[in-house]
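Please open the structure in the viewer and keep a selection tool at hand.

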Amino acid sequence: MARKKKPNDYGTGIPLHEVEALARVLLPEIQAFFESEEGQREFAEWKARKDIESYE
């Protein structure tokens with residue numbers, strides 16, 4: 001009889017099906033934000049800060 005492999009929860013204790021359900025809810029919202037004008041502006045500002053920090 002084969003043993004069922006337990007999925008790795010990376011120490012969170014959160015069941016994989018719960019993480020997947022949360023991802024299904026959050027991913028479309030995150031994508032919509034980064035596709036919006038505000039998201040594009042914030043990303044550009046973040047990227048500029050990171051570029052400046054990498055030269056210091």
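**Aromatic rings and a nonpolar patch**

By the pairing rule applied here, the count comes to three aromatic pairs. The model on display is predicted.

First, select Phe33 and Phe34. Their rings form an edge-to-face aromatic pair, with 5.2 Å from centre to centre and 80° between the planes. Phe33 has a relative accessibility of 29%, so it counts as partly exposed. Phe34 is also partly exposed, because its relative accessible area is 39%.

Which residues make up the aromatic cluster? Select Trp46 together with Phe33, Phe34 and Phe43: these four residues form one aromatic cluster.

Leu22, Val25, Leu26, Ile30, Phe34, Phe43 and Trp46 make a nonpolar surface patch of about 670 Å². Two elements each give two or more residues to this patch, namely helix H1 (16-35) and helix H2 (37-55).

Which element gives the most to the nonpolar patch? Helix H1 does, with five residues. Leu22, one of the patch residues, lies in helix H1.

To finish, display the patch and the aromatic cluster together. Phe34, Phe43 and Trp46 belong to the nonpolar patch, and these residues are also members of the aromatic cluster.

Technical notes. Residues are numbered from 1 along each chain as its sequence is written. This is a predicted model: local features need pLDDT of at least 70, side-chain atom pairs count only at pLDDT 80 or more; totals for chains, interfaces and linings use all residues. Side-chain values use heavy atoms; hydrogens and water are left out. Patches are made of residues with over 30% relative accessible area and no salt bridge: like charges are joined within 9 Å, nonpolar side chains (Val, Leu, Ile, Met, Phe, Trp, Tyr) within 5 Å. Accessible areas come from the Shrake-Rupley method with a 1.4 Å probe; for residues, only the protein chains shown count as cover. A salt bridge is a side-chain nitrogen of Lys or Arg within 4 Å of a carboxyl oxygen of Asp or Glu. Helices (H or I, at least four residues) and strands (E, at least two) are DSSP runs, numbered from the N terminus. Rings of Phe, Tyr and Trp (its six-membered ring) pair if their centres lie within 6.5 Å; planes under 30 degrees apart count as stacked, over 60 as edge-to-face and the rest as tilted. Buried means under 20% relative accessible area, exposed over 50%, partly exposed in between (1.4 Å probe, protein chains only).
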